[in-house]
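Please walk through the structure below with its helices and aromatic rings in mind.

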Amino acid sequence: MGENYYSLNVKEVLKSLKTSEKGLTKKEAEQRSDKYGINEIKKRKRITPLQIFVRQFTSFIVVILLAAIVISLLIGERLDAIVISIIVVLNGVFGFVQEYKAEKAIEELRKLTALKAKVIRNGQEIEIDSKELVPGDIILLETGSKVPADARLIQIAAFQVDEASLTGESVPSKKVINSLKEGIQVTDQENMVFMGTIITKGHAKAVITDTGMNTEIGKIAEMVQEVKEKLTPLQEKLKQFGKWLGVVTIGICAVVFGVGVLRQYLTIGLIETAYASEMFMAAVALAVAAIPEGLPAVVTISLALGVKRMAKRNALIRQLPAVETLGCTNFICSDKTGTLTKNEMTVREIYANNVLIKVTGEGYGPEGKFIHAGSEVLDTKNIELLLSIGALCNDSRLNNNKRWEIFGDPTEGAVLVSAIKAGFKRSELEKHFPRIDEIPFDSERKCMTTIHKVNRENVAYVKGAPDVILTKCKYININGKVKKLTGEDKKRILNINQDMANKALRVLGFAYKPLTEKYKSTPEEVEKDLIFIGLQAMIDPPREEVKEAIVKCKTAGIEIVVITGDHKLTAVAIAKELGLFKEGDKALSGDELDNLSDEKLDRIIEDIVIYARVSPEHKVRILNALKKKGHIVAMTGDGVNDAPALKKADIGVAMGITGTDVTKEASDMVLTDDNFASIVSAVEEGRGIYNSIKQFVQYTLSSNLGEIVVVFLAILIGWPLPLIAIQILWVNLLTDGLPGLALGLDPFSKDIMKKPPRKRKENIISKEVIQNILIVGFIMGIGTLFMFYSYGVETDKARSIAFTTLIIFQLFNVLTYRAKNFKINIKTSGFLIGSIIISVLMQLAVLYTPLNVAFKIVPLGLFDWIKILLVSCTLYIILESRKMFMNYRETKS
């Protein structure tokens, strides 16, 4: 509703919203519902199956192919028209099936918002659908429930909320009801609760301030929907390539036909209809041959194979080109909590008996060890007491449902797990030391107390902030002996606490106190003259596999930036442990970012490694600055706060387990196992796919140039056509078909991750590719014409020789893409070798069956084949020798 309710006191909030703690009346609620609408996040208009199918046929190349079908029908080549039609339709169907499946998978993700809400209406507590809530409603919140709308707290009891999905903060927010200063970020609005967040402890009463699209989640959802759809780099390159190819195709038709008829006119003084018709058919056939109609199929199949491989590696690709986009990514903006870290608070250090003990074993699993590096003998009973206090003065629960999970406060969960690692069983502890009373945690006392029966005596177990615990302690237990707590003891313990905090560890202090039989259950009575027992320090640890993934990214020339809602100190500590942050690197907070102008941010954007305490708007601003520099940016994340950045990024990568629905909807790829390392696999797949497509384009255009050189030079010389229309189309079908597709099916080189990402503006037809196309095209063309001339140019035998020589030339050409130093790895080139064998068998069928009549050719003898192989293999020898020379020159330079 536009007001900063966090800066008002409770009375001012209720007055502003025209409500009271007794709630709204039914009539008031209905009136407000008419005014503000229902409390739900509006869904974006989804793309329909028909739209998905139609867009498979809207690329420029496909349009050219459709025109080629019409032209083929006009010149009477129905077979070629049918073949091209099948390729176009199969390509469209295949693309549709993949994209439709991905859309359906996202639709099946669970709904984000709560379904029911407890509300006070007419002074009575009732349960209603959450979508019926309106501003001014008084709601009741309790542990385990989702917050149904944005609200200002008016009453709390030990109330904490897990806001990780909204703010990125891994530790639950401890709530207050007093007013706060103006101008603070959502992450610091501790007297507010926000739609979709989860209550981890206590209960509360709150007044609804905003509903539906006016909530923080609603604003984020609206931001996601406002971002326009983007073209991937591959789509951009193919769009340019298609336009260029269209112009070239028209030019080929005009030049070949024009030169042919002009030649006849200059020779005999007239243009024969039959000759003009033959030239027109040859020109159109060359134009059709010049279009690599297999390209859309190769692109789709290469991408689809990448999708399947990624699916086996726990990555769901929502749209086929997403894998390729990752292949040219050079910046990954990663959330910290749950992405680089486990999102599982874990005890790392314990302090007891004046010694520091390291704790191994990450996450919520029960495996781990306690390691003491000192020489002194430890009293393990004290350590056992410290751990058992942590387990008993605790409201969290540990469950193993396929994976270890904590229900309740993550900090308490970490303390519970540390006791389990030492061999304690929660059920046994509770059986022998039952809880008989408790004093819940509150933000003023900053501690929690539970009272237990221990050997028929009442004993208080207390945990809380170390400095607070120490002020309540009068004694200290060291090696089983209780003595008075001195000033030196306090100083030493506080120094240890500060050292832990400097390592971004969250620290809890523990104490106990025997009580009388008739104790008073008040903080003033119970929480004084305590016996200090020790400290436990914890952190949300990094994932084990992330370090290796980061090293691979750096080797591949990819920069990683941490963007988190957590504190700067914590983010820096985690980044250092992962090898992401070194001396001299820069970290910015959200407030510092606010104070930077866009110009200043543009100057330093590439030097920042960590952004801490940031909002969704900050993340989009960071992405805009990186993209302005020409970087292709990927964003990984799991919380609602990541969604706008994921949608704005060149590719958004959402977490499948911990990710929210809004984030998954905004993403291009979902990691079903939340594994950061899967991104490296996606990068590798993307690079391999682009390389396969680039090889196919180079192979196809160089082979097609060979065909053009053969026909065009023959016309200029004044020879009969070495190839007629149906032969040109057969060569094109035979060599561009299976061999071309095989380039995208066989595995790519693993060295692909040792090269830097390609530039965004890199053209798929680079200078190097053009050089190769020209060399191959002219060798192929001149070699074929030499064979044509050696057999007399006028005979069917000469045309049969030229026809077959051109095909064998092209098959030797495709072999060079899998050769290294004249050798071919059969194990990794199975598809290619198989496709070559099939192509040769198909050519033999045309030569030695009645089909040769239709193709106007004659069978060839053994000696003919020897000549053809000797001439054609020169291309393989020249290209391999050139590769070896260029590799040698690169190593020398």
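Helix α30 is mostly covered, with 18 of its 20 residues buried. Buried means under 20% relative accessible area, exposed means over 50%, and partly exposed lies in between (1.4 Å probe, protein chains only). The 20 residues of α30 should span 28 Å at 1.5 Å a residue, and the end C-alpha atoms are 29 Å apart, which agrees. That expected span is 1.5 Å times one less than the number of residues. Helices (H or I, at least four residues) and strands (E, at least two) are DSSP runs, numbered from the N terminus.

This is a predicted model: local features need pLDDT of at least 70, side-chain atom pairs count only at pLDDT 80 or more, and totals for chains, interfaces and linings use all residues. Residues are numbered from 1 along each chain as its sequence is written, and side-chain values use heavy atoms, with hydrogens and water left out.

Now the rings. A search of the whole structure gives 5 aromatic pairs. Rings of Phe, Tyr and Trp (its six-membered ring) pair if their centres lie within 6.5 Å; planes under 30 degrees apart are stacked, over 60 edge-to-face, and the rest tilted. One of the pairs is Tyr 699 with Tyr 817, edge-to-face at 6.3 Å centre to centre and 85 degrees between the planes. Tyr 699 lies in helix α26 (residues 677-717) and Tyr 817 in the loop between α30 (796-815) and β28 (819-820), so the pair ties together parts 118 residues apart in sequence. Both Tyr 699 and Tyr 817 are buried.

How are the rings of Trp 719 and Tyr 789 arranged? Their centres are 5.5 Å apart and their planes at 15 degrees, so the pair is stacked. Trp 719 sits in the loop between α26 and α27 (725-736), and Tyr 789 in helix α29 (residues 767-790), 70 residues apart. Trp 719 is partly exposed, at 21% relative accessible area. Tyr 789 counts as exposed, at 54%. Ring pairs join Trp 719, Phe 788 and Tyr 789 into a cluster.

A charge also meets a ring. The charged end of Arg 758 sits over the ring of Tyr 690, 3.3 Å from its centre. The test asks for NZ of Lys or CZ of Arg within 6 Å of the ring centre and within 35 degrees of the ring normal.

Finally, the whole chain. The protein chain has 33 helices and 29 strands. Of its 893 residues, 56% count as buried.
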